[in-house]
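Subject: Structure for you to look at

Hello,

Here is the structure I promised to pass on. Please open it alongside this note. My findings follow below.

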Amino acid sequence: MVPALLLCLSLGCAAALKATCLSAQFRRPGDYIIGGLFPFGMDTINLTTRAEPSLVGCERLFLKGLIWALGMKFAIEEINNSTTLLPGVRLGYDMYDTCFEPLMALQPSLLFLTRRGTRAIGVHCNYTDYQPRVAAVIGPHRSDLCLATAKLFSFFLVPQVSYGGSSEQLSDTELYPSFYRTVPSDKNLVEAVVQLLHEFGWNWVASVASDDEYGREAQGQLSSTAADHNICIAFEGLIPTELAEPRAQTQLEDTITSINKTNVNVIILFAFDKAAQALLKHSIRMGLSKKVWIGTEAWMFSSTTASIPNIQSIGTVLGFIMKAGRVPGFHNYVAELFTSVQQEEFCQESREVAQLLGSDTLQMHCQPCDHVSLDDVWPTLRLSQIQPVHLAVYSVAHALHRALGCTHQACPTAPIRSWQLLHFMNTLPFQVNGQSFRFDESHGTNTGYRLIFWSWENSSLTYLPVGEYEGSFLDINSSLIRFHTADQKEPTSECFRQCKPGQYKELKGYHLCCYDCTDCPENTFWSREESPSCSSCQAQQWSPAGSTQCLQRSEHYLLWSEPLAVALLTLTAITAALTCLTALLFLKNLQTPLVRASGGKLSLFALLALALLCLSCCLYVGKPSTALCMAQQLLHALCLTACFSTFFVKSLEITLLTEFPRCAPSLLHWVTQRAWLLVALCLLAQCSLCLCYLHLGPDSLLVDYKSLPREVLLVCHTQSWGAFTLMHGYNACLALICFLGTFMVQTAGKKYNVARGITFAILIYFITCIFFVAFFATLKTALRSVTQICTILTTILGILGTYYIPKCYIILLKPDLNTEDYCQYPVRVEPAEDSANRQ
């Protein structure tokens, strides 16, 4: 075979400048005509300036399209020469140029749908008996062209088999019931790309696609599939396909700039060769650092892409191409054909045979092909995938063979409509060169992919297979890949780092795998690997920042051993001792004028109440309970009432003596004789209020988990502020009455002013209450107990210091003043004298 090819190449070189009749090879008559849509040309020349529905032309020859068309010609001639497939039936073909433009593909598509033997498409209600010019159509290559033509052919149910349309939209058999393809869909390609990214741990990538149906569809599939595999697409960009547009260069430059900002090391490029070449040229010109480029067959096998100056500087190129076998005999066939088309006799016969199909009104065959030599085609021929075209033709031939009811010897002559082929294409497999193929439910053939690596050796490019993807399994021989890194190992392309235990992933923006590792806040913990957030501890637990577990909270209250508690208890003991000593001193001097003037036994009762109030401070230390919380407030209120009730009796006496001197003798006797009754009535009133307090809402134990970060606070909680105010407000009212009855009272200089002691004692009580209410209402910690202890002690010391201590001073140090004359208020009968004394 090699010598024959070398001979053909030499003959082709010798006649390179001589015009051939290759353009006449794309039409042949037959019993059944198969239409072909191939991109012979590219770069439309008058599409944008088109003002009338004239024919659109192409500027340059697309060699791959020519080779694909020759692949169809070769397959049909193989079938026509076969003795087992369609024996006795001759297939014809009619191929037209699509120029990669949907408008160009629609014109021959309409021609294929004309009634056989005419150039008209009949308008009917029922097209069951309608027989179009062609039995089936092979092509076109690109998805956007397929989407345009498939709707036409699907209406007439004419089988259309594409050798390159990979859009997932075309898998919808309801919209496109007669569309088939011999290539995998973009969904399969994207799954292969995602598997490759996952294999190398690349989860921070950029995606660039051409702004056409193929690019947008593949990029959309990648976006949805990558998210399911924790792969983040840092940048998604579309690059123009029409590079002559004014904004095209700006778009390309903006794309490169955006990629550079993302700091990705992997770029996935879904584009055809023209758009891909433009992007790669700009990346080289703008100095984009070396990356891993993941491409597809659409641009990886382009010779013009590989010949871009300094293309090696872009980094590592990997890509997937469809896994397709070689078509035996095709290269020899092309070499022989190029030799034949240079012979006048062969050309004359070809033109005559082509004319049997009728005059070609479209003039859309491959006119530039007449000036192409085998030497021009050979480099592209070696890299082109012909099997998809070959399979497409054979799938139609096998369906026709079964529809006609052919045997291995002959085929009966029976009229067959195009739509009748669909049943056999849907259900039955077919054999080609010993391999079995069949269309799946979406009318496609998933033959798998090969992973190709651009291997450079001395500026020579080799397309090196390094892996295969079949089904959902990717097998890579990574040792064959030499990456652009210094150690030739795969680069990293990650947005995140591995978080430590006790850290959660704080997302950056909208990227699922781009995050910072942040310590879990206090009272939360890191529960499991890959957790997107920290879990909260239970109410009775706590944790420090960055914790992996929760700890049990300790109970917090005013402990007996705390320095502050010890200090307060010491002060309580001193105050209680002082109160008791005062009571003993008063008891010892109970019959002296000063003690009797201060209340006598009532003073002893008040001092005992203050001593009991002082001892109640011990209820605020230690672990609280609901019973203790209630006892605290009840003892506080009742003991103060006991003390203030004695002040009330004394204030009443003073008021009668000073304000009502005429009534004083009779009333004063009643008050002094019934002093204990008044005290009892005062206490009885407070007891009733205490019962209301217990009924409406007594203080209870509150287990507070929120106030302290690491401890559970045990504190007494006031349930009903109304009941609390009512109970303690009663004492305030008693104190106010005492204050109003004594604060304006004056005595002569040689008399002891008992009223002044009550006035100052009540004044200190009110000042203490103001501070107590302010602190007590706002504090919710153990300091609340400290506040109450301090309030009690301040009140007791204030009463002792202003009312009882001065009397102790006189008893102990000034006994000469402890006389009836000095300690008693005189009772005056005359108003004048009464007025004079008050002044």
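A residue counts as buried when its relative accessible area is under 20%, and as exposed when that area is over 50%; anything in between is partly exposed. Please keep in mind that this is a predicted model.

Start with Q342. Its relative accessibility is 16%, so Q342 counts as buried. Q342 sits in the loop between α11 (330-340) and α12 (344-355). A polar atom of the Q342 side chain lies 2.9 Å from the backbone oxygen of F338.

Next, P29. This residue is in the loop between β1 (27-28) and β2 (32-38). P29 has 22% relative accessibility, so it counts as partly exposed. In sequence, P29 and L356 are 327 residues apart. In space, their C-alpha atoms are 6.3 Å apart. Setting aside neighbours within four places in sequence, P29 is in contact with L91, G92, V353, L356 and L357.

Last, a helix pair. Helix α7 covers residues 248-262 and helix α8 covers residues 273-285. They pack at an angle of about 60°, and their axes are 10 Å apart. That angle makes α7 oblique to α8. The crossing of the two helices is right-handed. On the α7 side, the contact involves Q249, L252, E253, T255 and I256. On the α8 side, A278, L279, H282, S283 and R285 take part. The residues of this contact divide into 4 nonpolar, 4 polar and 2 charged.

Best wishes

Notes: Residues numbered from 1 in each chain as written. Predicted model: local features only at pLDDT ≥ 70, side-chain atom pairs only at ≥ 80, totals over all residues. Heavy atoms only, no water. Axes fitted to C-alpha atoms, helices over the stretch in contact; angles between N-to-C directions. Helix = DSSP H or I, 4+ residues; strand = E, 2+ residues; numbered from the N terminus. Parallel < 35°, antiparallel > 145°, perpendicular 65-115°, else oblique. Left-handed = near helix turned anticlockwise from the far one by under 90°. Contact = heavy atoms within 4.5 Å. Nonpolar A, V, L, I, M, F, W, Y, C, P; charged D, E, K, R; others polar. Buried < 20%, exposed > 50% of the residue type's maximum accessible area, 1.4 Å probe, protein only. Polar contact = N/O pair within 3.5 Å; in protein donor to acceptor, adjacent residues only side chain to side chain.
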